Amino acid sequence: MKIELLMPAGNPEKLKFALLYGADAVYVGGKILSLRAQASNFTLEDIKEGVEFAHSLNKKVYITVNVIPRERELELIEPYLKSLEEIKVDGVIVSSPAILDVALKKTNLHVSLSTQASAMNLSSIEYYHSLGIERIVLAREVSLEEIKYIKSHTDAEIEVFIHGGMCSGVSGRCSLSNYMSLRDANSGGCAHSCRWTYDIYKGDQKLYDEEFKIGSKDLCSIPFIEELVNAKVESLKVEGRMKSISYIANVAYTYRRLIDDIYNGTKKDDEYYYSLLGDSVNREASTGFMTGDAKESETLYSKESSLATQGFYGIVLDYNSKRGEALVEVRNVFSKEEVEVLSPSLDVRSFRIEYIKDEKLNLIKSANHAMDKVIINTPYPLKKYDIIRRKV
Amino acid sequence: MILAEIKGREELNTIKADGYIINISSFSYPSLISIPLDEALEIIKESDKPIFVKLMPMYKTSDYPKLTELFKSLKGVKGIIFQDLGLVPLKNKYLKDALMIYDSNNFITTSEDYNFFKGTGVDILTLSTTLSLSELDSIMKNINYSYMAHVYGYIEMFYSKRMHFTNYSNEYNHESLKGEGDLSLKEETRDVFFKTIEDEEGFHIYRDKCINLFDFKDHFSGCEYLMLDRIFIEDCEYYDSVNLFNGSLDRGEYVKKYSNKFDTGFLFKIVRKTVGE
């Protein structure tokens, strides 16, 4: 069985892009009982449509039901899980004992243990697996060597985070956000207090001038994918339900290429895949615990360097082959300039935009407004869902 | 039953609790109040009151051989307070009579969580420290199983396997801060000091204030065990706090001495899911 590339999808549009750009499966949150409360999230109807779309491509949709619910939410659990079962989702990702119990005993859903439960060792994986949980999403503190050992000693499906943001603390155990912002991290309200700036004090005395930071750099596992494939873990997971379409498409595209190249025996140097990723890392990237303990190089000491997504210019909605023109939905300002096209399954191509027209076919100097539709020349056919971006 | 943490055999006589909790060097955190294994085994053997061993780290697979040996040696212990569910199979194999008390800090938030653990070797769940009083009341109304609760002490709000003090010292060439028990973190916009320590098991941030839920003891009617955490608390204050809970110290006298030192945690705080909710 080929390893699964599992991408996040914060809304139905991202779901399509993730799947079209190479994901084998996506994970999405519903309107209830899901973390990432600020992601758009899916209604049951959205989930149904997403599942139908994914299944039409022979791909999968997992639903995150990964909050730690409060007593008042208990009554929501069983009806919600039954609804998901009726929709024929491919599984649920759960961390709460109360939700796990209902999922395992009252539905036939495939159940994954969320990384929020922080399964960090073989013994805990065997414990959870013995209770009927089919897949374990490993804690991010598990190293590559430990992953290999664990996978060779368990029948549980193993899912590994390979890319994206990471909690600095043990996932699910942190209540910094609760204390400091009155926002419940385990209900989806995490304020990311671990990325704030602190000073160290001994009594009343501030010890050092340098700010104290504990925020984690983002994970990027390009150097380890081949070994994870060889270890026969079932799924490689990317974090980021809040990330942009451009990010989702680009990361899916890159890891799809890498995985396929490994299976085809055509893997190139890591630098090639890093170049494909480009700026799809919102903070300085690192390798987390993959090589062992997370040392100082894994902590984000510098000011947070969130890269803006202004490089994402637009999405192709249609192509007129007679005129050699593409209809583009604008996402960020662009003008007549060199651009790149990211297309599923094709190499990245570039061309120069020679002219831009508005919807009334008037020539304009630049596309200035997000969500406007404009027409641009293209030297070759483009397809719906192709992405136009700044040439790096 | 009031459970108190002890730092040595001599405190079996000085602390008047219904049962005692011990932290064991090289296995438990916080290391500040842990004792050597030999002494722990003697305490378990000698005490006429129940002894509980607290093993709070999330362990790595490579820790399990030594944990197996530890479990084999803990005969006579009343229970294990733990966070890593990988310990349950060890208990089932080597310590069948011990109570397994799952303490995940904030995972147990409903009356139905126990249904998942029933029959697996987990005996008691520890309530989340982030519950409001009304949430606590509704859980207590519905539960059918034994629970434990933290009712006193500094509550951990962050646990990382990353050695953040060591990493910081390395990054900026400062002296190591590992193991120092009197450090705090101050967030740049908040005038509060969060007690912080790095030990062999990781990096831990605690609340700025100690909780004391003595006045709400009756709301924990479904809890078989009430636990008094000890880290960062001076001995005499801890003894007084245990005495408050066991009824041998007058509440008024206690409040006069310590009222500015504690609060009620989340009992009266409204925690939102997200902005605007």
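The legends below describe close-up views of a predicted model. Residues are numbered from 1 along each chain as its sequence is written, and chains are lettered from A in the order in which they are written. Local features need pLDDT of at least 70 and side-chain atom pairs count only at pLDDT 80 or more, while totals for chains, interfaces and linings use all residues; side-chain values use heavy atoms, with hydrogens and water left out.

**View 1. The second largest pocket.** This pocket has a volume of about 530 Å³. A pocket is an open set of points on a 1 Å grid over the protein atoms alone, with protein on both sides within 12 Å along at least five of seven lines. Grid points are joined across faces, edges and corners, and a volume is the space filled by probe spheres set on the points. The second largest pocket has 22 lining residues, meaning residues with an atom within 4 Å of a point. Met1(A), Lys2(A), Ile3(A), Glu4(A) and Glu234(A) lie nearest its centre. Helix 9 of chain A gives the most to this lining, with 3 residues. Helices (H or I, at least four residues) and strands (E, at least two) are DSSP runs, numbered from the N terminus. The lining divides into 7 nonpolar, 3 polar and 12 charged residues. Here Ala, Val, Leu, Ile, Met, Phe, Trp, Tyr, Cys and Pro count as nonpolar, Asp, Glu, Lys and Arg as charged, and the others, Gly among them, as polar.

**View 2. The largest cavity.** A cavity is a set of grid points where a 1.4 Å probe fits but cannot get out. The count comes to 6 cavities of 30 Å³ or more, and the largest has a volume of about 210 Å³. It is lined by 16 residues, of which Lys54(B), Met56(B), His150(B), Glu156(B) and Asp229(B) are the closest to its centre. By class, 7 residues of this lining are nonpolar, 4 polar and 5 charged.

**View 3. The second largest cavity.** About 130 Å³ of space lies in this cavity. Among its 15 lining residues, Ser128(B), Thr129(B), His150(B), Leu213(B) and Phe220(B) are the closest to the centre. The lining has 9 nonpolar, 6 polar and no charged residues.

**View 4. Glu141(A), a buried residue with no salt bridge.** Glu141(A) is found in the loop between strand 6 (135-137) and helix 6 (144-151) of chain A. Glu141(A) is buried, that is, under 20% relative accessible area (1.4 Å probe, protein chains only), where exposed means over 50% and partly exposed in between. A salt bridge needs a side-chain nitrogen of Lys or Arg within 4 Å of a carboxyl oxygen of Asp or Glu. For Glu141(A), the nearest side chain of opposite charge, Arg162(B), is 6.0 Å away. Lys and Arg count as positive and Asp and Glu as negative; His and the chain ends are not counted.

**View 5. Salt bridges.** The structure holds 44 salt bridges over all chains. The side chains of Arg70(A) and Glu135(B) meet in one of them (2.9 Å, N to O). Arg70(A) lies in a loop of chain A and Glu135(B) in helix 6 of chain B, so the pair joins two chains. Both Arg70(A) and Glu135(B) are buried. Another salt bridge pairs Lys106(A) with Glu78(A) (3.5 Å, N to O). Lys106(A) is partly exposed, with a relative accessible area of 44%, and Glu78(A) is also partly exposed, at 28%.
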